[in-house]
Amino acid sequence: MTELIGTHQVPCISDTDYAAWPLLMQCIANQVEESLIANRDAASAALHRPVAVWQRSENFLQGVAGSGGTSIFLYGYNWSPTYNLNTLATLNRQGWWLVGGIVHCTSSAPVAGNNRILSLNVYPPGLAPAYYGFDVGGPFAAVSLQDVTWETNTTGGEDLFIATNVYCAADPNAGPDDKGMQIFYGLSVENSGAETVTFLSTFWTIFLGDTPLIQAS
Amino acid sequence: MPGSTPVYGITYPCGGDTIDTGVFQTFSETLDNAFVTAQGELEAATQRPNAQIYATGLNPVAIVVATDTTCTFTTEVFDNDNMANLAVNNDRLTIQTGGVYWVSSFVSVSGFTTLTSVSAIVQRNGIDFYRYKSRALSISADGFAAFSIPMDLFPGDTLILRARWTGTGGPGSIGIRRLTASLLVAH
């Protein structure tokens, strides 16, 4: 009498089932293959996690800084995806993401007291990106990296705006949320001028449909 | 006539086939091959391409003030995707597997009189991709700069680490330097 045994219910024939041996071996082969394919798909999903890389190559004119500054929206505005595994105009998987960006800024000359603020922000579905008034003395004053400045790029490299999102892990504790715009991470660059390149990156819990942006002011 | 599974080719007898020891041997061997293939697929996901090259001040690189200078390396700390080949090119990693990488660097300089800044620059295919400038933390000891960034890279892309310092004195020398590329997500 053939029995199904074990966790995977593998068929096991008795010593009187000689005629069933081919069928038995075929069943085992197919069950093993099915299990291996499932493992392969799981491994492939781990290796090819959702990721998006967006780039904008043309110049982008930034408003003149003043009290309150002005905001521009780099990521998500007229950008081209250079690589996009999951059509990530919005982040379509809830979980723990690594979000980063590089911005190459150009201005006329360093000006004492002229501050740039770059930030990574996330907007939930239904909340349109809008002006957000960062300025010195504003919300980033306490976290600005005053000891960091940015190398003047004298090599004439191409303009570079790159944003990268990499899904890292599911967050089982994350649930639907009606939060407003969230600030990922911000930098205040004092006495900014000439050409500057800066980078922002952080890990953050993302909810379905969230849109990350790089903003500058 | 034996049959086999479509993906991993596990061979089994069909009705009418004589069941002998050779059939069992083939069955076992093809099962083993399938497991070996599956193990390779799992390792590809868990042991992603990583490489790090390194050198110390025992092998310094001369660097004059305000000049981007390429770092050379002496040691492959680890490399599981043939990205480093220091015997041929001792200044770079060459990407073998396309994807988004986490690229990290560290560089230190010494030998100056006063140090105003230290910069670490990563080049992709000979073009500056990212430059990070660190203000000097001291005027009498080593200065250093470090960063970690994601980069979208393709097979054949090269990564080169350069350094720059400003201040007085010198020429200085590049001491400890390290360049790491770790695959986050494969294309």
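I searched the whole structure, a predicted model, and found zero disulfides over all chains (a disulfide being a pair of cysteine sulfur atoms within 2.5 Å). I then looked up Cys14(B), which is in no disulfide; its nearest cysteine sulfur belongs to Cys27(A) and is 12 Å away.

**Conventions.** I note that local features need pLDDT of at least 70 and side-chain atom pairs count only at pLDDT 80 or more, while totals for chains, interfaces and linings use all residues; side-chain values use heavy atoms, without hydrogens and water. Residues are numbered from 1 along each chain as its sequence is written, and chains are lettered from A in the order in which they are written.

**Accessibility of two cysteines.** I recorded a relative accessible area of 25% for Cys14(B), which is partly exposed, and of 0% for Cys71(B), which is buried. Buried means under 20% relative accessible area, exposed over 50%, and partly exposed in between, with a 1.4 Å probe and protein chains only.

**Aromatic pairs.** I found three aromatic pairs over all chains. Rings of Phe, Tyr and Trp (its six-membered ring) pair if their centres lie within 6.5 Å; planes under 30 degrees apart count as stacked, over 60 as edge-to-face and the rest as tilted.

One of them is stacked: Phe106(B) and Phe144(B), 5.7 Å centre to centre with 25° between the planes. Phe106(B) lies in strand β8 and Phe144(B) in strand β10 of chain B, so the pair ties together parts 38 residues apart in sequence. Strands are DSSP runs (E, at least two residues), numbered from the N terminus. Phe106(B) is partly exposed at 27% relative accessibility, and Phe144(B) is partly exposed at 38%.

I next examined Phe112(B) and Trp165(B): their ring centres are 6.1 Å apart and their planes at 45°, so the pair is tilted. Phe112(B) is in strand β8 and Trp165(B) in strand β11 of chain B, 53 residues apart. Both residues are buried.

Definitions and conventions. Helices (H or I, at least four residues) and strands (E, at least two) are DSSP runs, numbered from the N terminus.
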